[in-house]
Amino acid sequence: MILASGEMFLDNPVFHGRLWDATAETLLMMVFTTLAVAAFGLPLGVLLHSVSPKGLTPAAPVYRVISLIVDFGRSIPFIILMIALIPFTRFVVGSALGWQATVVPLAVGAIPFFARLVQNALREVDSGKVEAVQMMGASKGHITYHVLIREALPGIVGALTVTVVTLISYTAMAGTIGGGGLGALAIDYGYRRYQSDTMVACIVLLVALVALVQWIGDTVVRKIDHR
Amino acid sequence: MIELRAVSKVYPGGVTALDSVDLSIGAGEIHGIVGRSGAGKSTLIRCLTGLDPATSGEITIDGVNLGTARGAALMKARRKIGMVFQHVNLLDSRTAEKNIAHPLEVAGVPAAERKRRVDELLELVGLSDRRKNYPAQLSGGQKQRVGIARALAAEPRVLLCDEPTSALDSATTRQILSLIRSLRDRLGITVVIITHEMSVVREICDSVSLLSEGRIERSGPLLEVIQDTGSPLSKELISLPPTAHLQADATIVEALVAAEGGLADVGELFALLGRHGFSAQVAAGTIETIQGRQVGRLHFTPGDRDEAERMAAVLREAGVHAELTTAATVQREDAARQEDNEAHDGRDGQEGGAR
């Protein structure tokens with residue numbers, strides 16, 4: 001039994017040295033990736049919705065092109081994207097190793113995913129609300145910000161939560177190619193050195209992290225959702 | 001105030017939703033536009049607001065041609081029009097007061113002035129104690145009050161109402177309608193109400209238009225339209241309960257008390273029939289008071305064709321519209337109307353489900 005070997009937990013030097021560093025790395029990866037995803041994915045999702053056939057400024061050719069790029073980004077498995085992006089990552093952060101380097105493929109992979117979710121959330125906004133505000137003589141910019149984004153905000157926050165939870169599992173994958181964080185620790189010690197206790201600790205921390213993110217997401221949605 | 005000249009709307013694919021519509025609505029009037037499902041009512045209101053521009057023709061509201069206005073000019077013109085929707089379309093993320101203030105924000109009214117105006121409007125629709133509530137915390141009738149206050153916020157000269165009471169129960173409907181009327185009286189605005197409910201027209205409209213297959217079939221002051229006795233619109237406005245219990249070949253005398261120079265009310269009609277010794281049964285009857293005048297449509301079932309003829313003659317002499325018909329004809333008309341109402345309810349149900 002893994003849990004029966006209780007003494008091992010306190011004796012294992014990994015717990016004193018690496019575990020908290022790895023947790024901090026995972027947290028940093030997530031925070032920076034989330035910021036990048038929100039900063040680029042939200043405008044991309046808004047753009048997708050605006051030029052879509054039901055949007056405020058329908059433009060079929062533009063929509064098809066952006067749609068294609070977004071789907072292209074979404075269809076590449078993350079582990080392959082990570083490797084394919086190494087030159088780009090080196091260019092952006094100066095290295096292909098460590099948690100900073102992992103942020104780049106994580107963001108690139110998650111931005112199109114989040115953009116699609118944003119588009120879906122915006123599509124859910126009743127067209128009657130848009131018409132009502134159009135009747136006030138409002139500009140498209142006003143409608144986009146004050147009606148579409150504001151009314152879809154609970155959905156958008158929910159989408160961001162889903163995206164961040166997915167990101168957590170991706171950070172673990174990044175561990176296989178020297179990405180740092182809890183995933184790397186689990187692979188280096190838990191898998192390669194057969195330290196079951198490290199594996200368990202990593203799993204527990206990752207699960208706790210996911211639960212924390214979900215709780216934050218749900219709490220924010222509760223605060224802003226007046227439907 | 002509102003002038004339509006030869007307005008047509010043809011959708012891509014060749015469907016003609018509006019076919020050369022002419023309509024004139026005077027300032028301060030409450031005008032009802034009625035018609036069956038698919039008659040073009042929704043298209044007409046979308047053309048009036050420029051949400052869906054007309055294919056051809058001229059639409060002038062308060063001197064501004066909405067038919068040709070685009071971009072900034074259209075945005076400006078829309079601020080002169082308040083719009084009330086069937087599903088209210090309030091923003092769920094805003095409280096009642098923020099929803100009402102929204103058109104003022106769009107128009108760039110300073111915050112202090114906005115607050116003063118919102119207070120006034122909340123007072124006007126009787127919701128001052130609900131200002132901090134979100135739409136989800138309001139009842140259907142309260143939401144529509146907020147919707148009306150919002151429509152009036154930017155002090156429009158025209159209020160367009162698209163099925164404003166179709167999603168409300170009958171008691172709330174009456175409250176909303178009397179609110180609309182009192183607002184018209186106090187503010188002098190022109191109101192257009194699109195509806196499939198004849199009761200709405202009877203209750204508050206000064207004038208009415210019947211839209212049928214994209215054309216205005218009949219338009220005029222309410223009493224005048226009702227007095228146009230044989231017309232379908234008159235029959236719709238003062239409609240009778242179904243008479244399924246009658247034998248199909250039974251003769252019916254239909255009488256309408258509404259005419260200028262005719263009998264003052266239904267009581268006089270019975271007195272008249274009594275004086276002439278008729279004792280016919282009343283199969284169905286509807287009596288309404290419209291604009292302070294009693295209007296009644298009655299179906300009598302005399303014993304035979306001969307008695308029916310004599311009865312109709314007496315009534316006509318007294319200036320009452322009377323015509324002979326049979327139960328079969330009446331029942332057929334009932335069935336058609338029933339079908340149309342069901343079509344309407346079915347559509348509303350779908351809309352509700354999609355939300």
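What separates the centres of domain 1 of chain B and domain 2 of chain B, taken over C-alpha atoms? The answer is 37 Å. Before going on, this is a predicted model, in which local features need pLDDT of at least 70 and side-chain atom pairs count only at pLDDT 80 or more, while totals for chains, interfaces and linings use all residues. Residues are numbered from 1 along each chain as its sequence is written, and chains are lettered from A, with ligands numbered from 1, in the order in which they are written.

First, the domains. Chain B is divided into domain 1 (2-227) and domain 2 (238-334), with bounds that come from an automatic or database domain assignment. Where they meet, 6 residues of domain 1 of chain B are in contact with 10 residues of domain 2 of chain B. Contact here means that C-beta atoms, placed from the backbone, lie within 7 Å. On the domain 1 side, α7 (198-204) and α8 (222-227) of chain B each give two or more residues, and α8(B) gives the most, with 4 residues. Helices are DSSP runs of H or I, at least four residues, and strands are runs of E, at least two, numbered from the N terminus.

Next, the core. The largest nonpolar core has 153 residues, and B:Ile100, B:Leu160 and B:Val192 are among those with the most contacts inside it. Such a core is a set of buried Ala, Val, Leu, Ile, Met, Phe, Trp, Tyr and Cys residues joined through C-beta atoms within 7 Å. Buried means 20 or more other C-beta atoms within 10 Å of a residue's own; exposed means 12 or fewer, and partly exposed is in between. Both domains of chain B supply at least three residues to this core. Leaving out residues up to four places away in sequence, B:Val192 touches B:Ile2, B:Ile25, B:His31, B:Ile33, B:Leu160 and B:Cys161.

Last, one helix. Helix α11 (residues 305-317) of chain B has 13 residues. In α11(B), the buried residues are B:Ala308, B:Met311, B:Ala312 and B:Leu315. Seen down the helix axis, they fall within an arc of 100 degrees, so they line one face of α11(B); the arc is taken over directions from the axis to the C-beta atoms. In general, an α-helix has 3.6 residues a turn, so residues three or four places apart point the same way. The buried residues of α11(B) pack against β11 (251-257), β13 (293-301) and β14 (321-326) of chain B. Turned away from that side are the exposed residues B:Asp306, B:Ala313 and B:Glu317. Just after α11(B), B:Gly319 takes a positive phi of about 85 degrees.

Technical notes:
Two residues are in contact if their C-beta atoms, placed from the backbone, lie within 7 Å. The expected span of a helix is 1.5 Å times one less than its number of residues.
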